[in-house]
Amino acid sequence: ADDGFSFAIIESDATSGKELQLIFADGAHFLKDVTALKRTDQGMEIHVEEDGLSIHASLVFGPLHPLSKPVMGPFRHFKMQCNHAVYSMFHSVKGTFLHNGILHEFHDGYGYAEGDYGTSFPEGYVWFNSSGKDYGVTFADATIPFGLILFHGLLALIKTEKGEWRLTTYTGAWVLSCSKK
């Protein structure tokens, strides 16, 4: 938002049922009403009144900027624990987000949209994303079970209006060092 406010939404649909999680700088909330979010490629609406959480948001997205090829590369052809998709590395966001009585306005906001599919999320992972008016940067490193072995899967992606760059396991890149620091 114009005032620096940011948030993330995680939707999941598992055999245990649907879940909807909203994440803010001060913590995360699992919503009881999973129908509180209405989402399309053009925007989203959220209306929540539960357990001390009040959200009324209406946001419109500009054109989405997807990757030129599937993010999983050749791994998309294998049944993996978790398959990843990137719908938009960056897009504009306009609208309002009323969060517990505080209005946050998005005149020149930015967004990112992805999806994960499979049986479960990786046991160990690091994930980062940043997006702006004309760029998106995403980094993910995860411990991936593949048959009888474990390997570190790397996805490091940069997309601008001028090009796209990938540093991934399937392009021969790897992480030299990663710690909790």
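**Close-up 1. Phenylalanine 121 in its loop.** With 43% relative accessibility, phenylalanine 121 counts as partly exposed (buried means under 20% relative accessible area, exposed over 50%, partly exposed in between; 1.4 Å probe, protein chains only). You will find phenylalanine 121 in the loop between strand 8 (102-118) and strand 9 (125-132); strands here are DSSP runs (E, at least two residues), numbered from the N terminus. This is a predicted model: local features need pLDDT of at least 70, side-chain atom pairs count only at pLDDT 80 or more, and totals for chains, interfaces and linings use all residues. Residues are numbered from 1 along each chain as its sequence is written, and side-chain values use heavy atoms, leaving out hydrogens and water.

Close-up 2. Strand 7 (residues 82-99) pairs with strand 8 in the antiparallel sense over 14 bridges; two strands pair if DSSP finds at least two bridges between them. Look for histidine 99, which stands opposite isoleucine 102 in strand 8. The hairpin has 2 residues between its strands, and asparagine 100 in the turn shows a positive phi of about 50°.

**Close-up 3. The open sheet 9-10-11-12.** Here 4 strands form an open sheet in the order 9-10-11-12, with antiparallel pairing. Strand 9 and strand 12 (164-168) stand at the edges with a single partner strand each, so one side of each has no neighbour in the sheet.

**Close-up 4. Strand 9 beside strand 10.** Strand 9 and strand 10 (residues 135-146) run antiparallel and are joined by 8 bridges.
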